[in-house]
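Work through the two exercises below with the model in view. Each task is followed by a stepwise solution.

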Amino acid sequence: MPLFLIGYMGSGKSTLGRGVATALGWRFIDTDKEIERREGLSVSEIFALKGEEAFRRMEHDLIASISPDERAVVSTGGGTPCHFDNMELMNAAGVTVYLKIPAGALARRLLDSRTRRPLIEGKSPEELLRYIEEHLAAREAYYNRAAHVVEGVGIRPEHIIEALREGNRPELLTDPPRNN
Ligand code: S3P
């Protein structure tokens, strides 16, 4: 059954998803990249030209098309679990894992990232941190419906595989010191 990685922008879903897929010998699907490929446009261009609502519909259609039989690791976009019934769909089709990273670490990673993200474009470091803190608090209601939570700033693919094998024991996977 498919494994869905969920979490905020900058939580490492794509990098970790690719690593887990390689380790398991499964197919890797990055929802943003797949939508970009199908549309021939970047996520930023889709937001600008077609609107966020159209992007959310594309995301939903893609999630809904993933079969429970598929041996795939799916890295979702940060907003995927928060729209339509996507969280229910993912929990019904496969196993969901929330990559839970503190807001401060997310802000630092997003400031360093070269990927363009329309929701945070143009924010100063202070604005970005405040935005993440508020937005993450709202989104956690969705993220926390995941079957597993893997928490910390140094998550590696093997931590995710271990969480799946051993059940939901995030305390084993947290890297001290916690970086807020
Ligand atoms: C979004 C996250 C992005 C991308 C889009 C919207 C969000 O994906 O889907 O920019 O709503 O959080 P990443 O989480 O891979 O950055």
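The exercises cover a sheet and a pocket. The model is predicted, so local features need pLDDT of at least 70, side-chain atom pairs count only at pLDDT 80 or more, and totals for chains, interfaces and linings use all residues. Residues are numbered from 1 along each chain as its sequence is written, and side-chain values use heavy atoms, with hydrogens and water left out.

**Exercise 1.** Find the order of the strands in the open sheet, and say which stand at the edges.

Solution.
1. Strands are DSSP runs (E, at least two residues; helices are H or I, at least four), numbered from the N terminus.
2. Two strands pair if DSSP finds at least two bridges between them.
3. The 5 strands pair in parallel, in the order β2-β3-β1-β4-β5.
4. β2 (27–30) and β5 (148–151) are the edge strands; each has a single partner strand, so one side of each lacks a neighbour in the sheet.
5. β4 (residues 95–100) is joined to β5 by 4 bridges, and Lys 100 has Glu 151 in β5 as its bridge partner.

**Exercise 2.** Describe the lining of the largest pocket.

Solution.
1. A pocket is an open set of points on a 1 Å grid over the protein atoms alone where a 1.4 Å probe fits, with protein on both sides within 12 Å along at least five of seven lines; lining residues have an atom within 4 Å of a point.
2. The lining has 33 residues, and Met 9, Ser 14, Asp 32, Thr 115 and Arg 117 lie nearest the centre of the pocket.
3. α2 gives the largest share, 4 residues.
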